[in-house]
Amino acid sequence: MMMKRPSSTQLVIGLILAGLGFALATQIASNSSAGLQTLPQSDLVRILDDLTSKNSRLEAERSSLIALNSEITRGGASSQTALSAAQSRADALEILTGQVAAHGPGIVLNVYAPKEAIPAEQLVAVINELRDAGAEVVEIVGMGEDANPIGVRVVASTYVVRERPPAVFRIDGVVLNPPFTFRAIGDGPTISAALNIAGGVTDQFRRSGSRVALTIEEDLTIRTLARLTSPRYAQTK
Amino acid sequence: MIPVIGLVVGVVVGLFTHPSVPLWLQPYLPIAIVAALDAVFGGVRALLERSFDDKVFVISFGTNVVIAGLIVYLGDQLGVGSQLSTGVVVVLGIRIFTNAAAIRRFIFRA
């Protein structure tokens, strides 16, 4: 029954079907574009559960990472302090072993005497007295074999020998002759008081006929370095 | 002819205007469309069997849509909305297939 002329019911049917088509297209379009809107409640609950568990998992991961981060930061800081402590220790040891030049307040002690007049013990006594008075860096300057002044840094292994004949001083293997100059970094007044004590170092020098001059320096620089020998027998434990 | 034109016009308008489905209609629209399709297939079958009646078609269309919507609404209220929707879709799908089979027999004689 194809229609010759449209009746009102046919128009109604056409309108209804137009509405159907409209709804169909709308539903398809919204369904293909919509995400969560069209999902039933059970699916939404499941998705929410998933998200919650995932969130808590990520939260736990985040807190562990934060803990790790702070640990690393703390470790970095502690290794930094360890490094600076080791650095200052190394600086102190370098000064002690005479491996670096040093400067600071100190004293200069000049001893003018014929070399026969000074026994080796007296030089050792000077070094001892300087150490006793808290001198941190000590250098002995004397005349070398070629008559030029030469310095020896006094460290733990320093020894003084007076050979005879001929009468020469050998300090750490270096031949030195008077006049001697002791240069020491430390508290100047303390050291000079210790050296000038009655019956002390300068007193003995003067008694044996030497001339002694002691000056306190504001800033003394000692550039002479000690030779570093690696120990043959002693090993670090 | 007019119903086909109406269908095409409706689809085109829907495709080009991109209207958003209001929230309260979202659970009912898919079921209502399936029910309406059932009515349309029934109408086509009736047309081919020469027993088509305008009034019956319009009323069946309307009641199908309304009842489908009501069933979904009732299912939502009872907490079995998704299951009932599935059931409605299955039943209407079977009916659509039956009608389509009858239409096929009329058109292709097979």
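Reader: Which residue does A:Arg183 form a salt bridge with?

Author: A:Glu139. In this predicted model, the closest N and O atoms of the pair are 2.9 Å apart.

Reader: Where do A:Arg183 and A:Glu139 lie in chain A?

Author: A:Arg183 is in strand β6 (residues 174-185) of chain A, and A:Glu139 is in strand β2 (residues 137-143) of chain A. The pair therefore ties together parts that are 44 residues apart in sequence.

Reader: How many salt bridges over all chains?

Author: The structure holds 6.

Reader: What does the domain assignment give for chain A?

Author: Domain 1 covers 45-96 and domain 2 covers 102-222. The C-alpha centres of these two domains of chain A lie 55 Å apart.

Reader: Switching to chain B. How many helices and strands?

Author: Chain B has 4 helices and 0 strands. Along the sequence the pattern reads α-α-α-α.

Reader: What box do the C-alpha atoms of chain B fill?

Author: Roughly 45 × 30 × 25 Å, taken along the principal axes.

Reader: At what angle do α2(B) and α3(B) pack?

Author: Helix α2 (residues 29-48) of chain B packs against helix α3 (residues 54-78) of chain B at about 155°, with the axes 8 Å apart. Since angles over 145 degrees count as roughly antiparallel, that is what α2(B) is to α3(B).

Reader: Is that crossing left-handed or right-handed?

Author: Right-handed, for α2(B) passing α3(B).

Reader: Which residues meet there?

Author: From α2(B), B:Ile31, B:Ala32, B:Ala35, B:Ala36, B:Asp38, B:Ala39, B:Val40 and B:Gly43. On the α3(B) side they meet B:Phe57, B:Ser60, B:Phe61, B:Asn64, B:Val65, B:Ala68 and B:Val72. By class, the contact of α2(B) with α3(B) has 11 nonpolar, 3 polar and 1 charged residues.

Reader: And α3(B) with α4(B), how do those axes cross?

Author: The axes of α3(B) and helix α4 (residues 81-108) of chain B cross at roughly 155° and come within 7 Å. That makes α3(B) roughly antiparallel to α4(B). The crossing of α3(B) and α4(B) is right-handed.

Reader: Which residues make the contact?

Author: B:Ile71, B:Val72, B:Gly75 and B:Asp76 come from α3(B). B:Gly81, B:Leu84, B:Ser85 and B:Val88 come from α4(B).

Reader: What does the contact of α3(B) with α4(B) have by class?

Author: It has 4 nonpolar, 3 polar and 1 charged residues. B:Val72 of α3(B) takes part here, and B:Val72 is also among the α3(B) residues that α2(B) meets.

Technical notes
Residues numbered from 1 in each chain as written. Chains lettered and ligands numbered in written order. Predicted model: local features only at pLDDT ≥ 70, side-chain atom pairs only at ≥ 80, totals over all residues. Heavy atoms only, no water. Axes fitted to C-alpha atoms, helices over the stretch in contact; angles between N-to-C directions. Helix = DSSP H or I, 4+ residues; strand = E, 2+ residues; numbered from the N terminus. Parallel < 35°, antiparallel > 145°, perpendicular 65-115°, else oblique. Left-handed = near helix turned anticlockwise from the far one by under 90°. Contact = heavy atoms within 4.5 Å. Nonpolar A, V, L, I, M, F, W, Y, C, P; charged D, E, K, R; others polar. Domains from an automatic or database assignment. Salt bridge = Lys/Arg side-chain N within 4 Å of Asp/Glu carboxyl O.
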